[in-house]
Amino acid sequence: MADGRSQVKRRAGARLWLSATWLGLLVLGAVFAPLIAPQDPLAQDLFGARLPPFWEAGADAAFPLGSDSLGRDVLSRIIHGARIALGVALIAGTLTCLIGSGLGLIAGYFRGWPDMVISRLVDIWMAFPPVLFAILLIAVLGTGLSSIIIAIVVIDWTRFARVIRAEAMSQGAMDYVASAQVAGRKRFSILLAEILPNVLPTIVVLLTLEMGIAVIVEAILSFVNLSISTDQPTWGSMIAEGRLSIHQAWWVLVFPLVTLFLTVLSFSQLGEGLKDHFDPVLR
Amino acid sequence: MSDTPIYDIENLHLSFPDMAHKPLLGPAPRIEILKGISLTIPRGDVVGIVGGSGSGKSTLGRAMIRLLEPDSGSIRFEGQDITHLGEDALRPLRRRFQMIFQDPMSSLNPRRTVGAIIAGPLRLQGFDRVSQRVDQALDHVGLPRAFRKRYPHELSGGQRQRVGIARAIATEPDFILADEIVSGLDVSSQAQVLNLLEQLVRELGLTLAFISHDLSVIRRLCRHTLVLHLGEVVEYRETAALFEAPQAAYTRELLDAIPLPDLKQVWA
Ligand SMILES: Nc1ncnc2c1ncn2[C@@H]1O[C@H](COP(=O)(O)OP(=O)(O)OP(=O)(O)O)[C@@H](O)[C@H]1O
Ligand SMILES: [Mg+2]
């Protein structure tokens, strides 16, 4: 097991750079959306409705990816939608990760009654179907961005807790932990200084996956109109609207869908890529 | 040097909870692993601990360096009773008894460099000139100083075990427990590590407890030998005498069971 690892040679990873590039562009777009977006994402123009993307006949250069049935610019809406998608991904992903990983580390390392309590809680949590759970939560909390974030955190912390608990448990059984104790390191310090660095690669992979999931969840909830107010451009609501006019204007559906797909894919690839690139054990 | 033995252990009992037979409610029954062990290790001695698998060798060793807390009996380290000391009270003592582990891949944190691994106990114990001491420890175990920057997976098995030894000797301990430290190594690295250990014991005046399955290694390295069987001391005598004329039936069994090419051969 041990010696094989050093033989695994991995290339610097096209996937790391590709996914980082895409997400980097998206972040830039989200941050500077008002400067970059060619149009006001909310501006309607019924005479300029359903303009095709730039390469098709009848396109308008001011609407590079076309316009929707209300004449709103698809590209501008995607760029502005990135603000919400990335905001949710970042906040919900990070909170979920902190809570879930923290509880997982405590349960796996200290075992005993903390583990009993946390593990039972995870078991009970997992018995709820997540989609119903989410819709129920939103119904109680009301729609809005913070409700979505809370729903994601409340539902998904178990994903981290389960995996990180198992990982912390197996790391805790390693002799380097006993060795740190022989050296006189305090228990909590062992958790932070010895075990956490060994669990961190897994946490990073889970975190980026979770960010992708958060993007999807936000899109689904906007798709079913449970997200934020409808006049805010979100990828999910764009997809929902695009679905209605798929035969007249495919671009309204396809561009946000592709953006969503690339973003989720990039998040998952980013985690794996980071792990391959920066983990000394794999390098 | 005083006459106080490094270790004075009396009637040591230690048990683990038996989770396999835990009733639904209430505490698990306990399996007794160490059943009243007494032994004395004088300063500068090298004691071999042998016995069948599951006889409690590792448990005894881990109790001695207080990775485990005994149920009853007493462990005196240089006269001080450490049987039930808490982790905080043990911390200042930890510099003085160290351990070398069986599997260096598991006992070296894979995400730390060799330098950081050896420096760890030094920092925790508040040593000065940590960097110099790390270099010294590497010199002692015959590893190039450039290895400080390497990660454990970038070393061979024998080199990793040397790092484990370097970490143990860096704090200048009085006592080192070595639990099966060569069993994972090939024959030539085994010989090198054993030679190194022999040399360090001589140079640093260490007291060593050496747990092993390999009686030929025990015979070569250890002045005294302790034979454990099912958590009890069967025999504890000078190694030469023990191999020459085993007293207990179990010792004879052990000696017979393990093929030694030539028991009478004198080791170089
Ligand atoms: N944490 C534990 N919980 C329960 N039982 C344990 C635990 N650690 C060890 N044991 C049991 O204690 C007994 C003695 O174990 P120990 O590791 O001391 O044996 P050993 O003499 O070192 O054996 P080996 O030569 O195989 O290393 C074994 O039967 C083992 O199953
Ligand atoms: Mg053992």
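Among contacts in chain A between residues at least 6 apart in sequence, 72% join residues at least 24 apart, where contact means heavy atoms within 4.5 Å. The model is a predicted one, in which local features need pLDDT of at least 70, side-chain atom pairs count only at pLDDT 80 or more, and totals for chains, interfaces and linings use all residues. Residues are numbered from 1 along each chain as its sequence is written, chains are lettered from A and ligands numbered from 1 in the order in which they are written, and side-chain values use heavy atoms, with hydrogens and water left out.

The predictor assigns the complex an ipTM of 0.89 and a pTM of 0.87. For chain B the average pLDDT is 90, and 95% of the residues score at least 70; pLDDT is the predictor's confidence in each residue, from 0 to 100. Where pLDDT is low, the predicted coordinates should not be read in detail.

Chain A contains 11 helices and 0 strands. Helices (H or I, at least four residues) and strands (E, at least two) are DSSP runs, numbered from the N terminus. The C-alpha atoms of chain A fill a box of roughly 75 × 45 × 30 Å along the principal axes. Of its 283 residues, 48% count as buried, with buried meaning under 20% relative accessible area, exposed over 50%, and partly exposed in between (1.4 Å probe, protein chains only).

Helix α8(A) deserves a look of its own. With 7 of its 8 residues buried, α8(A) is largely enclosed by the rest of the structure. The buried residues are D175(A), Y176(A), V177(A), A178(A), S179(A), A180(A) and V182(A). After α8(A) comes G184(A), which has a positive phi near 95°. Apart from neighbours within four places in sequence, S222(A) contacts S227(A), T234(A), G236(A) and S237(A).

Chain B contributes an open sheet of 4 strands in the order β2-β1-β4-β5, with antiparallel pairing. Its edge strands, each pairing on one side only, are β2 (30-41) and β5 (80-81) of chain B. Two strands pair if DSSP finds at least two bridges between them, and β4 (residues 72-77) of chain B is joined to β5(B) in the antiparallel sense over 2 bridges. Here F77(B) has Q80(B) in β5(B) as its bridge partner. Elsewhere in chain B, the antiparallel strands β9 (residues 224-229) and β10 (residues 232-238) are joined by 6 bridges. V227(B) stands opposite E235(B) in β10(B). The hairpin of β9(B) and β10(B) has 2 residues between the strands, and L230(B) takes a positive phi near 50° in this hairpin.

On a 1 Å grid over the protein atoms alone, a cavity is a set of points where a 1.4 Å probe fits but cannot get out, and a pocket is an open set with protein on both sides within 12 Å along at least five of seven lines; lining residues have an atom within 4 Å of a point. Grid points are joined across faces, edges and corners, and a volume is the space filled by probe spheres set on the points.

The largest pocket holds about 770 Å³ of space. It is lined by 29 residues, of which G172(A), Q181(A), R187(A), L67(B) and L68(B) are the closest to its centre. Both chains supply elements with at least two lining residues each: α4 (74-110), α8 (175-182) and α9 (187-223) of chain A, and β1 (7-17), α1 (57-64) and α2 (87-94) of chain B. The lining of this pocket has 12 nonpolar, 6 polar and 11 charged residues; Ala, Val, Leu, Ile, Met, Phe, Trp, Tyr, Cys and Pro count as nonpolar, Asp, Glu, Lys and Arg as charged, and the others, Gly among them, as polar.

There are 2 cavities of 30 Å³ or more. The largest cavity has a volume of about 120 Å³, and its 15 lining residues include A180(A), E194(A), R112(B), I117(B) and R167(B), which lie nearest its centre. Two or more lining residues come from each of α8 of chain A and α4 (114-124) of chain B, and α4(B) gives the most, with 5 residues. The second largest cavity, of about 40 Å³, is lined by S179(A), V182(A), Q98(B), M99(B), F101(B), G164(B), R167(B) and A168(B).
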